Amino acid sequence: PSSRGVVKLDQAAHACLSRAALDGLEDYSHIWVLFEFHANTDMHFKAAKVAPPRGYGAKVGWLATRAPHRAVPVGLSLVKVDSVDAKNL
């Protein structure tokens, strides 16, 4: 909850991205960010449950973890919108 970051959109890779696509985003308190775990080195992961580092040995389903090593390299985060800078996509 105390982490901060910046979401940068790659306009060169996605032609549909423009400044106009961000219009009104600043009116929301939170947004969902769908992303790819780019550091995933184990696409053939088979275990349904894993023991995350801060799980104190308890196993949970791998979709319930933040681990980048997963069968599907997709993540979803709910993030608070502090500001929107449409000049710097």
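Modeller: Lys 80 is exposed, at 56% relative accessible area (exposed is over 50%, buried under 20%, partly exposed in between, with a 1.4 Å probe and protein chains only). The side chain of Lys 80 meets that of Asp 82 in a salt bridge, 3.2 Å from N to O; the term requires a side-chain nitrogen of Lys or Arg within 4 Å of a carboxyl oxygen of Asp or Glu.

This is a predicted model, in which local features need pLDDT of at least 70 and side-chain atom pairs count only at pLDDT 80 or more, while totals for chains, interfaces and linings use all residues. Residues are numbered from 1 along each chain as its sequence is written, and side-chain values use heavy atoms, with hydrogens and water left out. Mean pLDDT, the predictor's confidence in each residue from 0 to 100, is 81 for the protein chain, and 92% of the residues reach 70 or more. Strand E1 (residues 30–36) has the highest confidence, at 89, and strand E2 (residues 49–50) the lowest, at a mean of 84; strands (E, at least two residues) and helices (H or I, at least four) are DSSP runs numbered from the N terminus.

Back to the charges: two salt bridges are found in a search of the whole structure. Asp 82 also pairs with Arg 4, the closest N and O atoms lying 2.8 Å apart. Because Arg 4 is in the segment before E1 and Asp 82 in the segment after E4, this pair ties together parts that are 78 residues apart in sequence. Arg 4 is exposed as well, with a relative accessible area of 72%. Through shared partners, Arg 4, Lys 80 and Asp 82 make up one salt-bridge network.

Next comes the nonpolar surface. Trp 32, Leu 34, Val 72, Val 74, Leu 76 and Leu 78 form a surface patch with about 650 Å² of accessible area together. E1 and strand E4 (74–80) are the elements that give two or more residues to this patch, and E4 gives the most, with three. Patch members have over 30% relative accessible area and no salt bridge; nonpolar side chains (Val, Leu, Ile, Met, Phe, Trp, Tyr) are joined within 5 Å, like charges within 9 Å. Areas are Shrake-Rupley values with a 1.4 Å probe, and for residues only the protein chains shown count as cover. Val 72 sits in the loop between strand E3 (60–61) and E4 and is partly exposed, at 43%. Gly 75, which is in E4, is buried at 6% relative accessibility. Its C-alpha atom is 16 Å from that of Val 50, 25 residues away along the chain.

Of its 31 lining residues, Gly 5, Val 6, Val 7, Val 33 and Val 79 are the closest to the centre. On a 1 Å grid over the protein atoms alone, a pocket is an open set of points where a 1.4 Å probe fits, with protein on both sides within 12 Å along at least five of seven lines, and lining residues have an atom within 4 Å of a point.
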